[in-house]
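Here is a friendly walk through a few local features of the structure below. Keep it open beside you as you read.

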Amino acid sequence: VSKINRDCLSIINISSRREILDWRDEKLIYIDTHLNSHFTTLIYKLESYVTSYGLTNTFTNKDKVLAELDNIYRVWVDNTYKHFIESAGKQLMAIADKRDVNVNKYTEKNNFSFKFNSTPGIYVGVAIASLPIAMGAATISVGGFFGAIGVTAVSWPLALVGATVFSTISVTGWKVKKQKKLNDILKNVRQVYKDAIYKDQPNCECLRTKLHSEILSMATNFLEGIDDTI
Amino acid sequence: MIPFEIPLKYAQGLIDGSLLRIGTLIKDQSTGRIVGHIQETGLTSKLLEGFVGSPFSPIQAISGIGANFQLAHITNLLNTMKILQYANIGVSVVGIGVSAVGFAMMNNKLNKMQDSLNKLSSEVIIGFSELHSTLLREHFSKVTGLVEQAEQAYQLSSPERSWLKISSSLAEESSFFRGELGHYLKLNSFSEDIFSPLLQSFMTCSTARVECLMLASEIESAKDVAANHAKDCRYLFEPLTPSALANQTLNIEVSDSEISHQLAQKNEHFSLIINGLRDITDATSTKPILLDYLIEKGIDGREYIETINSNENEPLLILPVS
């Protein structure tokens with residue numbers, strides 16, 4: 001390998017690493033700063049549904065209500081995931097493409113030995129494509145991300161569903177305390193979905209963590225691809 | 001004589017985008033080839049010696065240092081760093097090109113760091129116990145002693161053997177501080193007051209090692225040390241993200257809206273630090289390429305070090321690649 005080729009590739013590698021790290025850091029901050037506004041939209045939809053359904057119906061059809069709330073959540077997760085990950089994946093591919101162009105333009109690639117007998121740029125592309133979600137974002141239809149990224153329906157605490165929120169509605173003069181009861185339901189709905197989005201559980205990562213993990217995995221795969229080409 | 005040029009010659013290319021700075025080298029965008037290596041001088045380290053702020057301060061922070069007679073030099077350094085598109089002075093921690101700090105000045109820096117660590121040991125900070133503080137002091141003293149010996153070696157009739165021996169001892173200290181940094185970064189807390197002295201100690205060990213080897217005319221070994229140091233920097237700093245550091249240091253005993261505000265501020269603050277660490281990593285990654293060039297051109301390590309250390313006219317120079 002000629003020294004010029006080696007230096008060119010070293011420089012391309014240093015630049016690519018920096019670009020990918022800057023991309024990763026920016027995306028993680030973007031998720032932190034924008035997830036909250038998406039969450040506000042979700043809460044508005046959930047609250048609107050409960051309010052429009054009415055307290056009596058909510059009380060008598062709690063299974064249906066919970067199913068519908070989760071349906072709203074599912075659609076929201078799909079859209080949110082798409083918003084944060086799909087565009088990020090496209091930007092990542094652009095970085096990989098740029099790297100590919102630079103390697104082809106400035107080095108004699110037959111001087112190098114790469115995994116898969118491929119050019120380094122393609123190898124990096126393969127590293128990204130191996131992530132089901134990164135490339136799947138363009139092909140998985142709406143409704144598919146929810147399960148694909150391992151997000152499950154929110155887990156309603158039994159005590160919350162059975163007693164605190166719904167059943168106790170009928171206990172003491174609920175007509176008088178109708179608004180308070182409705183507020184209690186809305187408050188609990190907010191809390192349950194907020195936890196699903198922001199609070200990791202022992203065996204279940206929250207959505208924010210899952211989004212971060214996707215970005216981190218994509219960056220790590222890319223960086224490992226670069227390591228192999230040095 | 002080593003044919004250095006002044007950075008102004010490259011200013012137009014950097015502005016119009018035909019040239020690009022990566023780490024401490026300048027690349028021609030159309031050919032992809034290196035056209036020059038940026039090299040700090042003894043003047044840079046003298047000017048920055050009086051700077052007591054965070055190593056991740058924006059470059060504008062250096063405008064406030066130095067006495068009046070240095071003002072022109074400070075302005076020159078500030079303008080040159082702007083031309084070269086450095087956003088903060090973090091890169092000076094590891095040296096722009098080969099470090100021109102010199103052993104005597106390294107010792108001054110180490111003493112300042114030791115003072116700040118002594119201050120910390122009297123405060124209760126997570127991850128920083130009295131026992132830990134004592135251990136760090138021991139290693140600081142070792143590094144200080146080694147750097148002092150390296151300075152004194154100039155007086156010997158044949159100092160090369162001493163420099164080689166000191167370099168080998170510094171390798172052990174470098175390994176200790178690398179371990180400490182790695183351990184500290186895995187803790188679920190982050191304090192810049194602890195991180196900065198650990199970082200600077202680790203960097204000092206490495207830059208002093210490279211300097212010792214160059215003075216002993218062992219540039220090949222210096223290149224290997226620099227290459228391994230670059231790998232260490234990547235291993236330690238690439239996993240760090242502003243977002244993770246911001247979340248680690250959040251005060252969660254406040255309302256949701258206050259947390260959002262706090263998070264935004266912390267993200268901004270830690271982005272500066274991470275950006276500085278990325279500059280440091282890039283600078284360490286390009287240093288072996290500079291050393292490789294010195295080998296190729298048959299430039300003697302000691303002559304190179306003495307030339308850059310003695311330059312008191314320009315803070316930064318360019319070694320053109322022919």
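## Cysteines, a strand and a cavity

A:Cys204 is partly exposed, with a relative accessible area of 33%; buried means under 20%, exposed over 50% and partly exposed in between (1.4 Å probe, protein chains only). This is a predicted model, in which local features need pLDDT of at least 70, side-chain atom pairs count only at pLDDT 80 or more, and totals for chains, interfaces and linings use all residues. Residues are numbered from 1 along each chain as its sequence is written, chains are lettered from A and ligands numbered from 1 in the order in which they are written, and side-chain values use heavy atoms, with hydrogens and water left out.

With a disulfide taken as a pair of cysteine sulfur atoms within 2.5 Å, the count over all chains is 0.

| Cysteine | Nearest cysteine sulfur | Distance |
|---|---|---|
| A:Cys204 | A:Cys206 | 8.4 Å |
| B:Cys205 | B:Cys212 | 11 Å |

B:Cys205 is buried, with a relative accessible area of 0%.

Now to strand E2 of chain B, residues 25–28. Helices (H or I, at least four residues) and strands (E, at least two) are DSSP runs, numbered from the N terminus, and two strands pair if DSSP finds at least two bridges between them. Both faces of E2(B) are covered: B:Leu25 and B:Lys27 are buried on one side, and B:Ile26 and B:Asp28 on the other.

Strand E1 (residues 19–22) of chain B pairs with E2(B) in the antiparallel sense over 4 bridges, and B:Arg21 has B:Ile26 as its bridge partner. The hairpin of E1(B) and E2(B) has 2 residues between the strands, and B:Gly23 in the turn has a positive phi of about 60 degrees.

E2(B) also runs antiparallel to strand E3 (residues 34–40) of chain B, joined by 3 bridges, with B:Lys27 opposite B:Ile34. In this hairpin 5 residues lie between the strands, and B:Gly32 in the turn has a positive phi of about 75 degrees.

Finally, the cavity. On a 1 Å grid over the protein atoms alone, a cavity is a set of points where a 1.4 Å probe fits but cannot get out, and lining residues have an atom within 4 Å of a point. The count comes to 1 cavity of 30 Å³ or more. The largest cavity is lined by 13 residues, with B:Val93 and B:Lys109 among those nearest its centre. H7(B) gives the most to this lining, with 4 residues.

Key: 1 Å grid on protein atoms, 1.4 Å probe; cavity = no way out; pocket = protein on both sides within 12 Å on 5 of 7 lines; lining within 4 Å. Points joined across faces, edges and corners; volume = space filled by probe spheres on them.
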